[in-house]
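Here is a short tour to read with the model open on your screen.

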Amino acid sequence: MSDDAFLYTRAAVVAAGRTEFDRVLQDPSAFTPYATDLIWAEPLLYTPDRAYKRITGEQWDRDTRYSYESCSNTEGWAD
């Protein structure tokens, strides 16, 4: 699975709600249907940008402390 596909399937888990998110967090094998059926929720990633523009009328200069991109948390990688 590509980095982008992994990101979009993670977004799908979030979009499925707190119960599903907690289930996948507790049992990673529950993520399998998202990965094998390529259940994506890419548009969820852009929700903050759209909300900011709707409220302010301006583009959001996204400069956040943490990146949602796959593989960006190198401190969390196993050795």
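## The largest pocket

Phe6, Arg10, Val13, Val14, Phe21, Val24, Leu25, Pro28 and Phe31 line the largest pocket. On a 1 Å grid over the protein atoms alone, a pocket is an open set of points where a 1.4 Å probe fits, with protein on both sides within 12 Å along at least five of seven lines, and lining residues have an atom within 4 Å of a point. The space in this pocket comes to about 190 Å³, a volume being the space filled by probe spheres set on the points, which are joined across faces, edges and corners.

H1 and H2 each give at least two lining residues, and H1 provides the largest share, with four. Helices here are DSSP runs (H or I, at least four residues), numbered from the N terminus.

## About the model

This is a predicted model, in which local features need pLDDT of at least 70 and side-chain atom pairs count only at pLDDT 80 or more, while totals for chains, interfaces and linings use all residues. Residues are numbered from 1 along each chain as its sequence is written, and side-chain values use heavy atoms, with hydrogens and water left out.

Side chains of opposite charge can pair when their charged atoms come close. How many salt bridges does a search of the whole structure find? There are two, each defined as a side-chain nitrogen of Lys or Arg within 4 Å of a carboxyl oxygen of Asp or Glu.

Arg18 pairs with Asp22, with the closest N and O atoms 3.5 Å apart. These two are about one helical turn apart, because they sit four residues from each other in helix H2. Arg18 is exposed at 60% relative accessible area, and Asp22 is partly exposed at 31% (buried is under 20%, exposed over 50%, partly exposed in between, with a 1.4 Å probe and protein chains only).

In the other bridge, Arg23 and Glu20 bring their closest N and O atoms to 2.9 Å. Glu20 is buried at 15%, whereas Arg23 is partly exposed at 43%. Glu20 also touches Val13, Ala30 and Tyr34, leaving aside residues up to four places away in sequence (contact means heavy atoms within 4.5 Å).

Most residues other than glycine have a negative phi. Leu38 has a positive phi of about 50°, and its place is the loop between helix H3 (32-36) and helix H4 (47-56).
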